Structure formats: C-alpha cells, structure tokens
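This briefing is for a reader meeting the structure for the first time.

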Amino acid sequence: DFLEQIDSRVRDALGGGLGDADRWQGFTLKAIDGSSSKLADTEENQEAFPQPSGQKPGCGFPVMGFAGLLNLGHGGWEAIATGPQTAHDLTLAAELTAFLSEDDLLLADRAYCSYAFIAAVRARGAHCVMRLH
C-alpha cells in the first residue's frame, strides 16, 4: 500500500505539470514495451516468478516479466504489469489499456499488433501506431 501511494503521488505530480507544449498534434504520447528482470533468489520469488526452464534447479534466479506504459510528455511510468517471464508482452499489456484515455496516442512495437489489442485501445478512445508483423 505504501509503495502504491508513493507511485500515485509521483504520477499525479508529473501529470499536473503537463501543458500544450508537451503534446504532439493534440495527442498525449505514450509508449508501451516489455522486458524482464532477475529477482532475488527467495522462495516467494521462485514460486511467483519461476526461473527459466533452461537453468538447472537451484542454479539460477527467478525472472519476472513486465510491460510498462510510459508517458513521453513527462517521461514517467503511467502503469506497469508483471507476470512470469514466459508471458508474452501482449498478455501483460491487456491490463495497461485501462490507463489510456481520449487524446492519447500509443506507440508500440510489432509485439502488440493484434486486432484485439488495437480494439481495446480504441475502446478507451485512444489511438495507436505500431509496426505490422
């Protein structure tokens, strides 16, 4: 709860300072992408984020996959979704569409180019630009 409160306050402070100069053609630019990160080798992390299958048990670290939504107007995170490192970026991104609104323009790579994801973005009133497969 404490970290969520800090995150909310930082996002509110960053967003409050945006003006017309921080928009492009009237759009708030946002970008989405995914990555992964090694975690501390604890039982809780191993259970929630198993280590890659190519590693021998006990000889590696748990790996968390994540997708993040970045506001390019202020450079801060809007939201982040986590999951196992085997989860596709698009799977993790599904919950991030809740942080899009009208007049947002989402930039993404071809991992996000699916009809269902584009429809979810448009349902929020946002637009998107991404490469085709």
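The model is a predicted one.

**Loop residues with positive phi**

- Asp 103 sits in the loop that connects α3 (89–93) with β4 (104–108).
- The phi angle of Asp 103 is near 70°, which is a positive value in a residue other than glycine.
- Gln 25 also has a positive phi, near 50°, and is likewise a residue other than glycine.
- The loop that holds Gln 25 runs between α1 and β1 (28–38).
- Gln 25 counts as exposed because its relative accessible area, 64%, is over 50%.

**Overall layout**

- The chain has 133 residues, and buried residues make up 29% of them.
- Four helices and five strands are found in the chain.
- In sequence order, these elements follow the pattern α-β-α-β-β-α-β-α-β.
- The C-alpha trace spans about 50 × 40 × 20 Å along its principal axes.

**Nonpolar surface patch**

- A nonpolar patch on the surface is formed by Phe 2, Leu 3, Ile 6 and Val 10.
- Together, the residues of this patch have about 430 Å² of accessible area.
- Phe 2, one of the patch residues, belongs to helix α1, which covers residues 2–16.
- With a relative accessible area of 60%, Phe 2 is exposed, because the value is over 50%.

**Largest pocket**

- The volume of the largest pocket is about 210 Å³.
- Its lining consists of Leu 3, Glu 4, Asp 7, Trp 77, Glu 78, Ala 79, Ile 80 and Phe 99.
- The elements that give two or more residues to this lining are α1 and β3 (77–84).
- β3 provides the largest share of the lining, with four residues.
- By residue type, the lining of the largest pocket has five nonpolar residues, three charged residues and no polar residues.
- Leu 3 is named both in the nonpolar surface patch and in the lining of the largest pocket.

Definitions and conventions: Residues are numbered from 1 along each chain as its sequence is written. This is a predicted model: local features need pLDDT of at least 70, side-chain atom pairs count only at pLDDT 80 or more; totals for chains, interfaces and linings use all residues. Side-chain values use heavy atoms; hydrogens and water are left out. Patches are made of residues with over 30% relative accessible area and no salt bridge: like charges are joined within 9 Å, nonpolar side chains (Val, Leu, Ile, Met, Phe, Trp, Tyr) within 5 Å. Accessible areas come from the Shrake-Rupley method with a 1.4 Å probe; for residues, only the protein chains shown count as cover. A salt bridge is a side-chain nitrogen of Lys or Arg within 4 Å of a carboxyl oxygen of Asp or Glu. Buried means under 20% relative accessible area, exposed over 50%, partly exposed in between (1.4 Å probe, protein chains only). On a 1 Å grid over the protein atoms alone, a cavity is a set of points where a 1.4 Å probe fits but cannot get out, and a pocket is an open set with protein on both sides within 12 Å along at least five of seven lines; lining residues have an atom within 4 Å of a point. Grid points are joined across faces, edges and corners, and a volume is the space filled by probe spheres set on the points. Ala, Val, Leu, Ile, Met, Phe, Trp, Tyr, Cys and Pro count as nonpolar, Asp, Glu, Lys and Arg as charged, and the others, Gly among them, as polar.
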